[in-house]
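Thanks for coming. Please have the sequence and the model open while I talk.

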Amino acid sequence: MLKINRRKFVANTVSSGAGLVLGSRLMGLTHKEEIFSDAGEKKRNLMQEVLKYRKIDTHAHVDEGSYRPEVNLDFADRLGIEKLMISDFIRPHTEGTPDDFRARNNFVIKCIKERPDRFIGTVVLNPKYGKASLEEIDRCRDAGMIGLGELYNQVKINDPLYYPIIEKCIDINWNIMMHSAIGYSRVALNLHEPENISLPEDFADVARRYPEAMFQFAHIGGGIDWENACKILKDVPNVFVETSGSNNEANMIDFAMKYIGEDRLVFGCDYSFYQGVGQIFSAKLTDIQRKKIFFENISKRLKKGGKDVD
Ligand SMILES: [Zn+2]
């Protein structure tokens, strides 16, 4: 039998995975070797496919500890993520005073000044401090930020305290991205969730009240009952549903496509970069659908607010 150096064989082969398998059979390689070479080729092809798509991560975080900007960029570079919409969210179970949210927004402003080519800044605030929050929108807008997010649990999204803030976002065409709970409906609501956590019903409620406002329901992969969330948000056209999170159950994106559709789904990672990108590729999507979810849907929305990312 013809002996061939395995490494040379792989290096010299530029054919597809199928070609590799056929070639290895001809040379009498073991089944194990066949699988190995095929998997390697598939991985290479997948990364080429991944890098082919322009991407905006619509849910990213920065701070000086757990979510360092340079780590975000390192992941983004490897996965072909052009831009990241960053925030330093007000931590759950904290008061979220104006001093706190101003400091967090200041850090985001610093990041977008350092890397305006990569970072898009979004504002955090707390409607319990209504006047300070409205002023913070103006201050951060002047500093180049666009959009709200990731809003947290200090006040529910459909609480009247939010109305003036939503109305201001309508005036300036800002996207409003908010966190939602972990576990609900089939899955019992996590008992540790704060009292004012926003549920899918709350998003639907406020979005119907303000049909001109643009909402983004955060992370269906965040541990929520995503089937329930997609069903509740099915007929609410001004809510984008975002795909990020670390709970990447099979069929989640396909299910969301059925209920939410290609024009309202947006890609995000929430610091789970490989999962965030991988689950889009694990879904049965066309080239056009991937382009919309990775880039076009959110870029159109950002453009309405004056940010042209094309
Ligand atoms: Zn969140």
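**A walk through the chain**

Leaving aside residues up to four places away in sequence, Ala181 touches Leu189, Asn190, Glu193, Ile197, Leu199 and Ile224. Before going further, note that this is a predicted model, and the values I quote are computed from it.

Where does Ala181 sit? Ala181 lies in the loop between strand E5, residues 175-178, and helix H8, residues 200-209. Is Ala181 buried or exposed? The cut-off for buried is 20 or more other C-beta atoms within 10 Å. Ala181 has 21 other C-beta atoms within 10 Å, so Ala181 counts as buried. There is also Asn153, which is 28 residues away from Ala181 along the chain, and the C-alpha atoms of the two are separated by 8.9 Å.

Now the chain as a whole. It has 310 residues, and 43% of them count as buried. It contains 12 helices and eight strands. Take the contacts between residues at least 6 apart in sequence: 75% of these join residues at least 24 apart.

Leu151 has Met178 of E5 as its bridge partner. Within E5, Asn175 and Met177 point one way, Ile176 and Met178 point the other way, and all are buried.

Further along, strand E6, residues 214-217, pairs with E7 over three bridges, again parallel. Phe215 stands opposite Val239 in E7. Strand E7 covers residues 239-242, and two bridges connect E7 to E8, also running parallel. There, Glu242 is opposite Val266 in E8. Which way do the residues of E7 point? Val239 and Val241 point one way, Phe240 and Glu242 the other way, and all are buried.

Then there is an open sheet of three strands, ordered E1-E2-E3, with parallel pairing. Strand E1, residues 56-61, and strand E3, residues 119-121, stand at its edges; each has a single partner strand, so one side of each has no neighbour in the sheet. On average, neighbouring strands of this sheet are turned by 30 degrees against each other, ignoring direction. Strand E2, residues 83-87, pairs with E3 in the parallel sense over three bridges, and Leu84 stands opposite Phe119 in E3. Helix H5 packs on this sheet, where H5 touches E2 and E3, and the direction of H5 makes about 145 degrees with that of E3.

That brings me to the last item, a helix pair. Helix H5, residues 98-114, packs against helix H6, residues 130-142, at an angle of about 15 degrees, and their axes are 11 Å apart. Angles under 35 degrees count as roughly parallel, and H5 and H6 are therefore roughly parallel to each other. Their crossing is right-handed. From H5, the contact is made by Pro98, Phe101, Arg102, Asn105 and Ile109, and from H6 by Ala132, Glu136 and Cys140. What kinds of residues are in the contact of H5 with H6? Five are nonpolar, one is polar and two are charged.

Key:
Residues numbered from 1 in each chain as written. Predicted model: local features only at pLDDT ≥ 70, side-chain atom pairs only at ≥ 80, totals over all residues. Helix = DSSP H or I, 4+ residues; strand = E, 2+ residues; numbered from the N terminus. Buried ≥ 20, exposed ≤ 12 C-beta atoms within 10 Å, placed from the backbone. Contact = placed C-beta atoms within 7 Å. Pairing = 2+ DSSP bridges. Axes fitted to C-alpha atoms, helices over the stretch in contact; angles between N-to-C directions. Parallel < 35°, antiparallel > 145°, perpendicular 65-115°, else oblique. Left-handed = near helix turned anticlockwise from the far one by under 90°. Nonpolar A, V, L, I, M, F, W, Y, C, P; charged D, E, K, R; others polar.
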